[in-house]
Amino acid sequence: MPLQNVALAGIDAHDAGVASAAVSATQQIGGSIGTALFTALYTAAISSYLASNPATPTVQLDAFVSGYSIAFLWAAGLILLAAPISFFMIKHSKADLVGAPEIVHLG
């Protein structure tokens, strides 16, 4: 919800539907690309771990842990990279969001 509020702040009423759809589509596409990227990193880490370690009873479990560790490290790195971008690009304040017109509920 905060993302929708910030994305729609300053949008005219007649453009709100299009802007909301664009934000939703961007979230869906970003989620699917992110899932594919981190799954590829996870499987590559598992493959390289299994190829570089001798076969033992616990090597598969260790490979899974290694894969998750690599994927989560990459995710943390991307979040740290995106945080300053988000901090400096979002210029809306709480006052911008509070001054919005009242919503009419039907029903």
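**Exercise 1. Determine which residues line the second largest pocket, and describe that lining.**

Solution. Step one is to list the residues: the second largest pocket is lined by Leu3, Gln27, Gly30, Ile33, Gly34, Phe38 and Leu78. The term pocket stands here for an open set of points on a 1 Å grid over the protein atoms alone, where a 1.4 Å probe fits and protein lies on both sides within 12 Å along at least five of seven lines, and lining residues have an atom within 4 Å of a point. The model is a predicted one, in which local features need pLDDT of at least 70 and side-chain atom pairs count only at pLDDT 80 or more, while totals for chains, interfaces and linings use all residues. Residues are numbered from 1 along each chain as its sequence is written, and side-chain values use heavy atoms, with hydrogens and water left out.

Step three is to ask where the lining comes from: helix α2 (residues 16-52) gives the largest share, 5 residues. As for volume, the second largest pocket has about 180 Å³, counted as the space filled by probe spheres set on the points, which are joined across faces, edges and corners.

**Exercise 2. State how many helices and strands the chain has, and in what order the elements run.**

Solution. The chain has 4 helices and 0 strands, and from the N terminus on the order is α-α-α-α. Helices (H or I, at least four residues) and strands (E, at least two) are DSSP runs, numbered from the N terminus.

**Exercise 3. Find how many aromatic pairs the whole structure holds, and describe the pair of Tyr68 and Phe72.**

Solution. The search finds 3 aromatic pairs. Tyr68 and Phe72 form a stacked pair, with 6.1 Å centre to centre and 20 degrees between the planes; rings of Phe, Tyr and Trp (its six-membered ring) pair if their centres lie within 6.5 Å, and planes under 30 degrees apart count as stacked, over 60 as edge-to-face and the rest as tilted. Because they are 4 residues apart in helix α3 (residues 59-89), Tyr68 and Phe72 are separated by about one helical turn. Tyr68 is partly exposed, at a relative accessible area of 46%, whereas Phe72 is exposed, at 59%.

The rings of Phe87 and Phe88 have centres 5.1 Å apart and planes at 80 degrees, so this pair is edge-to-face, and both residues are exposed. Ring pairs also link Tyr42, Tyr68 and Phe72 into a cluster.

Definitions and conventions
Buried means under 20% relative accessible area, exposed over 50%, partly exposed in between (1.4 Å probe, protein chains only).
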